[in-house]
Amino acid sequence: MDVKARLGFVGLGTMGGDLLEQARGNPKIEVAALCDIEPVALDKAARSCVNKPAQYNNHRVMLAKEKLDGVVVAVPQHLHAAISIDALDAGVNTFCEKPMGLSVAQCEAMLAAAQRNGKALMIGQVLRYIGVYRYVLELTRSGELGKPFAVRIIRTMGLWGSWGRPWRLKRETCGGMLLEINAHEIDFMRCILGEAASVSATGNRFNNLENDYEDLIFAQIVFANGGMGSLTAAACDYMGRYTGEVFCEKGTIYYDSVAKTLHVQRDGTEKEVVAYDDVHPEWENGVYREIREFAETCMGEHPATIPGEEGLRNVEIAEACYQSIREGRPVSLPLK
Ligand SMILES: NC(=O)c1ccc[n+]([C@@H]2O[C@H](COP(=O)([O-])OP(=O)(O)OC[C@H]3O[C@@H](n4cnc5c(N)ncnc54)[C@H](O)[C@@H]3O)[C@@H](O)[C@H]2O)c1
């Protein structure tokens, strides 16, 4: 018998639409229900599905009426905690987009809900699964370049105008740059260097008067293994760049996601330069992989591959950086 995971989708904007598209292409997933408060988004999503999933404008009604194996939450992040907790309390495994929440307290409440209901909670830290980033993580873990000891990432853009979504203009709905954008880079650094021991950050709002949060942040992270991380985040950089470097004992990796080239310099050899398109083009799409793994978790095949505990650690680093900016001093982790 063909057994499929019955999934419901809450939030069908840009990311929810992407997750839905990848779910539709997965033979082990039944798109059972869709939910969005915006009729246009709901209708567009429904029309993209041939199997006519049930439609809702209230996630609680959806949870009460449908017998779901899993719920995919892709609403703005100030709603992640409340909707995920409702889903978990309804006894449904939950996939929640990044950032997991806007505070450690919210993430802890989500984890508690998963625990008391015995359900899985997975966080959409998809960068780990995307082409060149996945390659960098696998190369680093292979040991071929020796132990990694530092990661430096610069991810900046010009005045972004919130990509047409007003919720991205406010700290209280998006969590500022470190949560809205750099939850990815923080997670990537943790994947390489492990857990953070302390952070020191400076930040301010200089140019981007549309937003009510810092548009330039310099964050330094010290990891428990002695490794060092450096993150530059900006929404006031007319140049706009996205580069990363991983320093290892026997080599250095450099990637440029604007030029779309990956550079690997091994000790004593010629530098290799690879175009992004040539980095394992056969690998599955990152969003397809995360939704596939979530469906497998819903079917009891394995625990959540990116569990809530990891999402919490990312949020904690961001929260500690904001505290450091406010207080003008380094902040130790874990936060009390
Ligand atoms: N993993 C990634 O790379 C990535 C990329 C983009 C966005 N995201 C994350 O995905 C989430 C959504 O971002 P987006 O860009 O799709 O935003 P969006 O504004 O395009 O879509 C959000 C959708 O949620 C709906 N919504 C709002 N409140 C709702 C509610 N109570 N019930 C049901 N639907 C509701 C909105 O109507 C909208 O259609 C955010 O948490 C964002 O950080 C992740």
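I began at Val10, whose bridge partner in S4 is Val73. The model I am reading is predicted, so I kept to its limits: local features need pLDDT of at least 70, side-chain atom pairs count only at pLDDT 80 or more, and totals for chains, interfaces and linings use all residues. Residue numbers start from 1 along each chain as its sequence is written.

**Sheet.** I looked up the strands next (DSSP runs of E, at least two residues; helices are runs of H or I, at least four; both numbered from the N terminus). Strand S1 (residues 5–10) pairs with strand S4 (residues 70–73) in the parallel sense, over four bridges. I count two strands as paired if DSSP finds at least two bridges between them. The whole is an open sheet of six strands, ordered S3-S2-S1-S4-S5-S6, with parallel pairing. Strand S3 (54–56) and strand S6 (121–124) are the edges, each pairing on one side only.

**Helices.** I then checked helix H4 (residues 80–89) against helix H5 (residues 104–117): their axes come within 9 Å and cross at roughly 5°. The axes are lines fitted to C-alpha atoms over the stretch in contact, with angles from 0 to 180 degrees between N-to-C directions. That crossing makes H4 roughly parallel to H5 (angles under 35 degrees).

**Ligand.** Which residues are closest to the ligand? I noted Gly11, Gly13, Met15, Glu38 and Glu97, from 24 residues that surround the ligand (C-beta atom, placed from the backbone, within 6 Å). Helix H1 (residues 14–24) gives the largest share of this shell, three residues.

Key: Angles under 35 degrees count as roughly parallel, over 145 as roughly antiparallel, 65 to 115 as roughly perpendicular and the rest as oblique.
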